[in-house]
Amino acid sequence: MNVEMNDFQKMVVLIDADNTQLTKLEGILQEVSTYGRIVVRKAYGNWKKRTLAKWEDEIKRLAIKAEQQFDYVAGKNTSDIAIVIDAMDLLHNGMYDAFVLVSSDSDFTPLAVRLKESGIYVIGVGEKKTPEAFCSACDNFIYLENIDTPVQAKKNSNDTKKAKNSRKNDKKADDEQITLHIGFAYPDIEEIHNLLGIAYEKFQDDDGYTPLTLAGNYIKRVKPEFNTKNYGYSKLSDLIKAFPELYEMKRYTSGSSSMIVYRCR
C-alpha cells in the first residue's frame, strides 16, 4: 500500500475555520475519508465575521455542524478553546477511534499529544507553514497544499475530460442503460472518475492494483447518495469496464471467492 490503511469506523473532524481554507474544505473531507468513516463533522468560528461570510453555503452542503464562537475580546477568537473542550468531551465518550484536527495553529499541539496518550489516532490538516511541533504531535499530518480543490482536480485531470467525451459518444449501451436513458438526466460522472483516481492512489497494492470494493466503499463515504444506476450502470465494475481507456480491470479467484481489482491508465 502507498499509505497505511486504517479503516477507522468512528472518526471526528474538528475544523478551525479561522485557520483553514474554505476552498479546500471538500477536498479535506475527501482525503480524510480514505482513512475511514467520518461520524462527527464540526466547524468552529464567529460566523458573524465578514471573513467567514462565505462559509455558510459550503458547510450546509457538506453537512458540517457550525459551532458559533463569539470573540469576547477584539483581536482574539475563542474557537481554539471551544475545539479543545469539545475534543475532550468526545474523547471521554469513548466512542471514537480517530480525531482529525484541521488547523495550522500550533496551539493545538497539546491537544494532539493528549489524544495520542489516550490511544487515539490523530490526523492533522494544515498549511505548510504549520509549526513542526503540531505536525510531530500527530500520527499523520496532511498539508493543504497537497489537496486539490474540486475545481483544480477537474482542471488538472485529462482523464476526466476523456471520460466525459467517451460517455457522450458511447453508443454501445445495453438494454438496461437504454431504458434508464428515457426521461432520465445523468449526473456528472467526472466526479466519480476523480474519486476512483483518489482511491487508486490511496489503496493500491504492491502490484499497482486497487480492490474495487475498497474504491466503492470510499466513494460511498464521500458521496452517500452514490449509486451506479444513477449513471446508467448496474454495478461499479460495469462502470469501470465502460472506460477501457481510463482503467484496466482484473479478477483474482481463489477457490470459491473472487476479487475484482483495477488500476488507472
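Author: Let's begin with isoleucine 83, which is buried, with a relative accessible area of 2%. Keep in mind that this is a predicted model.

Reader: Thanks! Which helix is isoleucine 83 found in?

Author: Isoleucine 83 is in helix α3, which covers residues 79-93.

Reader: And what is isoleucine 83 in contact with, leaving aside its neighbours within four places in sequence?

Author: With those neighbours set aside, isoleucine 83 contacts Leu14, Ile15, Asp16, Tyr44, Phe108 and Leu111. Take phenylalanine 108 from that list: it sits 25 residues from isoleucine 83 along the chain, and the two C-alpha atoms are 9.0 Å apart.

Reader: Nice. Switching topic: is glutamate 58 buried or exposed?

Author: Glutamate 58 is buried, because its relative accessible area is 19% and the cut-off for buried is under 20%.

Reader: OK, and where does glutamate 58 lie?

Author: Glutamate 58 belongs to helix α2, residues 55-61.

Reader: What does the side chain of glutamate 58 make a polar contact with?

Author: Its partner is the side chain of arginine 61, at 2.9 Å. Not counting residues up to four places away in sequence, glutamate 58 also touches Leu22, Leu25 and Glu26.

Reader: Now the second largest pocket. How many residues line it, and which lie nearest its centre?

Author: There are 14 lining residues, and Glu26, Arg61, Leu62, Val222 and Lys223 are the ones nearest the centre. Two elements give two or more residues to that lining: α1 (25-32) and α10 (212-222).

Reader: Which element gives the most to the lining?

Author: That would be α1, with three residues.

Reader: How much space lies in the second largest pocket?

Author: About 270 Å³.

Reader: And how do the lining residues divide into nonpolar, polar and charged?

Author: For the second largest pocket, the lining has seven charged, five nonpolar and two polar residues.

Reader: Last one, since you brought up α1: what about glutamine 30, buried or exposed?

Author: Glutamine 30 lies in helix α1, and it counts as buried at 8% relative accessibility.

Reader: What does glutamine 30 touch, not counting residues up to four places away in sequence?

Author: Glutamine 30 touches Glu191, Asn194, Leu195, Ile198, Tyr218 and Val222.

Technical notes
Residues are numbered from 1 along each chain as its sequence is written. This is a predicted model: local features need pLDDT of at least 70, side-chain atom pairs count only at pLDDT 80 or more; totals for chains, interfaces and linings use all residues. Side-chain values use heavy atoms; hydrogens and water are left out. Helices (H or I, at least four residues) and strands (E, at least two) are DSSP runs, numbered from the N terminus. Buried means under 20% relative accessible area, exposed over 50%, partly exposed in between (1.4 Å probe, protein chains only). Contact means heavy atoms within 4.5 Å. A polar contact is a pair of N or O atoms within 3.5 Å; within protein, one must be able to donate a hydrogen and the other to accept it, and residues adjacent in sequence count only if both atoms are side-chain atoms. On a 1 Å grid over the protein atoms alone, a cavity is a set of points where a 1.4 Å probe fits but cannot get out, and a pocket is an open set with protein on both sides within 12 Å along at least five of seven lines; lining residues have an atom within 4 Å of a point. Grid points are joined across faces, edges and corners, and a volume is the space filled by probe spheres set on the points. Ala, Val, Leu, Ile, Met, Phe, Trp, Tyr, Cys and Pro count as nonpolar, Asp, Glu, Lys and Arg as charged, and the others, Gly among them, as polar.
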